[in-house]
Amino acid sequence: MNENSRTPILYTERLMLRPLSVLDADDMFEYSRTPYVGPQAGWEPHNSVSETIIVIRNLITPKSNHDIGIWAIVEKNTNKMIGTIELYNHTPLHKAELGYALNPKYWGQGIVPEASNEIIAYGFEYLSLKRIVVEIFPDNIQSKRVCEKCGFTFEGIARNGYIRYDGKIFDTAIYSITREDYYSRKVVGK
């Protein structure tokens with residue numbers, strides 16, 4: 001565990017997942033200003049590095065005693081922060097939601113599934129969760145692929161399930177993975 005956070009530093013083959021910091025503002029702004037990332041996750045593109053710093057401060061401020069935190073996705077070989085991943089809406093020993101954002105320059109390289117699988121393992125093996133959920137817009141093909149690669153099951157559509165920053169209302173597709181799914185997949189994968 002990082003001494004300044006309840007969010008542990010985790011490692012995968014290509015990535016370091018560490019607590020997000022305001023020092024990541026320039027790297028986050030690089031992708032947060034584009035129209036390709038935020039709107040697909042429900043948030044407005046950033047207009048300045050100053051705005052990104054405010055967003056980061058909000059993201060890293062614990063909302064409750066059960067707040068897990070948010071990880072910066074960092075490429076090991078360059079030490080560049082290229083995205084974020086988090087478990088949020090955490091109910092201890094029960095469930096959490098998985099969310100992520102990635103710089104479009106790194107799309108299609110399997111980075112989000114690699115980071116997600118590490119966070120999923122942390123959720124089930126360390127936090128003893130019973131369920132992890134992902135909610136995406138139904139037309140978000142990249143996130144649908146992440147869910148499939150990580151063993152999530154499609155549960156259905158929540159009609160008018162999300163109101164975006166601009167007031168538009170969208171359906172959301174709900175995917176989940178349970179503790180039993182995770183451990184059965186882990187045994188099969190050996």
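R131 is partly exposed, at a relative accessible area of 23% (partly exposed lies between buried, under 20%, and exposed, over 50%, with a 1.4 Å probe and protein chains only). The structure is a predicted model, in which local features need pLDDT of at least 70 and side-chain atom pairs count only at pLDDT 80 or more, while totals for chains, interfaces and linings use all residues. Residues are numbered from 1 along each chain as its sequence is written, and side-chain values use heavy atoms, with hydrogens and water left out.

The side chain of R131 forms a salt bridge with that of E155, at 2.9 Å from N to O (a side-chain nitrogen of Lys or Arg within 4 Å of a carboxyl oxygen of Asp or Glu). E155 is likewise partly exposed, at 44% relative accessibility. Seven salt bridges are found in the whole structure. In another, R14 and E114 meet at 2.6 Å, N to O; R14 lies in the loop between β1 (10-11) and β2 (15-19) and E114 in helix α4 (residues 111-126), so parts 100 residues apart in sequence are tied together (helices, H or I, of at least four residues and strands, E, of at least two are DSSP runs, numbered from the N terminus). E114 is buried at 18% relative accessibility, whereas R14 is partly exposed at 33%.

A salt bridge also joins E30 to K80, with the closest N and O atoms 3.0 Å apart, and both residues are buried. Through shared partners, salt bridges join D27, E30, K80 and K105 into one network.
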